[in-house]
Amino acid sequence: MALVVLPEAGMRGDESNTVTDWSCDRVRTFRRRVYSYVSDREWNSWRWQIRNRITTLSQLEKILCCADQERSVLLGKGKRLPFSITPYYAALLDPHDPAHALRRTVIPVADENLQSEGESEDPLNEDEDSPIVGLVHRYPDRVLFLVTDFCSTYCRYCTRSRMVGNRNGQKFTKERWSRVIEYIEGKREIRDVLLSGGDPLTLSDEKLEWLLLRLRRIPHVEVLRVGTKVPVVLPQRITPNLTRMLKRYHPLWMSIHFTHPDELTHEVKCACARLADAGIPLQSQTVLLSGVNDSVEIMRRLVHGLVMMRVRPYYLYQCDPIIGSAHFRTPIYKGLEIMKGLRGYTSGFAVPLYVIDAPGGGGKVPIMPDSLVGREGKTLAIKNYEDRIFHYYDPCEAVNTEIMINCTVQ
Ligand SMILES: *Cc1c(COP(=O)(O)O)cnc(C)c1O
């Protein structure tokens, strides 16, 4: 679909972003084509969006032309990752092109059934770092609290595919939450609690507030964080009531999962504006995906769009080796190439950190193009973003320190 570019500078204002206009157009056309009987009120209700999720092949075939690759896996039985797309997000998918970026991230293909070398159910060993069901305590001062296994839309490369969508019959009850909260109360070193899942923002305001209130009461918990894709796949969820509630629990940060500039619609822009206006610092997490966002050009458009929405690019993840994800994984050099194409060429705060979440539970390890070139006596050689070498006078010569050990004099 062609870009709809606004004609005049005079129209620059709230809606001046070309990405926005492209997507707005797409949503409007889609609604007219598929959901013409649905009122604005219903469409804009997050409850309606959740109730009307697309979860079966026959529902999907009403909105787009399925390829054999897609049809066969949706017809097949087996323990695959659940399938669900909100009608809103379905509107952003190209109905005719199975290779369309967003389409590939949410519609399964037969490759999902392949297990490749290096892949496993729980590559990050989260279950092992879980002292209590529903909590991962890997780092010294912060924990990951899995508050639900439900998402409105499931990403095909989900890092928690082993547990989402009620695959293990797990129950996320207040009793279970209470046990996690008691654990956090008992560990004074925990100063940062990250709510994740599943998607915490699919919980009702009441349940979410129940959690935030209890966590806020713990004196040593300084920062609360929510990890979510809801503002992107279900922006209708970001209601004034929700943001009014959230702002009572500051400091509250939010990590939002973005994948591609096509996601930056008018709706998403409004959702992020509400969150940012509520004083919530927004940051993005993006998974590097082959054929979806693995180019400097796409990534640059994404990060530029994000900072326009007051979202600070945070992490770019190498795709975790969960089972059936090989068709999404890029070689590491791709990620490095993208980082090299961003750093120095755009605002420093628009550049995310590229990380591998180390298999086996090592945590997130930053992967960067080398900037320390070498040392000669008291002079350190460093390389800038254009690969030009500069010298820095550093009299405190590091002898035998780990950091300098791999620096050869050049
Ligand atoms: C990512 C992650 C965190 C948070 O890490 P930050 O680098 O502080 O954002 C905490 N716990 C676990 C298990 C994680 O995977």
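User: What volume does the largest pocket have?

Analyst: The largest pocket has a volume of about 970 Å³. A pocket here is an open set of points on a 1 Å grid over the protein atoms alone, with protein on both sides within 12 Å along at least five of seven lines, and lining residues have an atom within 4 Å of a point. Grid points are joined across faces, edges and corners, and the volume is the space filled by probe spheres set on the points.

User: Which residues are closest to its centre?

Analyst: T159, R160, S196, Q285 and Y317, out of 42 residues that line the largest pocket. Elements giving two or more residues to that lining are β2, β3 (192-196), β4 (223-228), β5 (252-257), β6 and β7. The strands are DSSP runs of E with at least two residues, helices are runs of H or I with at least four, and both are numbered from the N terminus.

User: Which element gives the most?

Analyst: β7, with 4 residues of the lining of the largest pocket.

User: Before I go on, what is the provenance?

Analyst: This is a predicted model, where local features need pLDDT of at least 70, side-chain atom pairs count only at pLDDT 80 or more, and totals for chains, interfaces and linings use all residues. Residues are numbered from 1 along each chain as its sequence is written, and side-chain values use heavy atoms, with hydrogens and water left out.

User: OK. How does the lining of the largest pocket split by class?

Analyst: Into 18 nonpolar, 13 polar and 11 charged residues. Ala, Val, Leu, Ile, Met, Phe, Trp, Tyr, Cys and Pro count as nonpolar, Asp, Glu, Lys and Arg as charged, and the others, Gly among them, as polar.

User: And where is the ligand?

Analyst: The space it takes is the largest pocket; the test is that more than half of its atoms lie within 2 Å of the grid points. β2 (142-146) and β7 (311-318) are the elements that give two or more residues to the shell around the ligand.

User: Which residues surround the ligand?

Analyst: V136, R138, Y139, R142, L144, L194, R225, Y314, Y315 and K364, where near means a heavy atom within 4 Å. By class, this shell has 6 nonpolar, no polar and 4 charged residues.

User: Which polar side-chain atoms lie by its oxygens?

Analyst: One of R225 lies 2.8 Å from a ligand oxygen atom, one of Y314 lies 2.6 Å from a ligand oxygen atom, and one of Y315 lies 2.5 Å from a ligand oxygen atom.

User: How much of the ligand is buried?

Analyst: The protein buries 91% of the 380 Å² that the ligand exposes when taken alone, by the Shrake-Rupley method with a 1.4 Å probe.

User: Switching topic. How many cavities of 30 Å³ or more are there?

Analyst: A search of the whole structure finds 1. A cavity is a set of points where a 1.4 Å probe fits but cannot get out. The largest cavity has a volume of about 40 Å³.

User: What lines the largest cavity?

Analyst: S284, T286, M299, L302, V303, L306, P313, Y315, L316 and P352. α13 gives the most to this lining, with 4 residues. The lining has 8 nonpolar, 2 polar and no charged residues.

Methods
A polar contact is a pair of N or O atoms within 3.5 Å; within protein, one must be able to donate a hydrogen and the other to accept it, and residues adjacent in sequence count only if both atoms are side-chain atoms.
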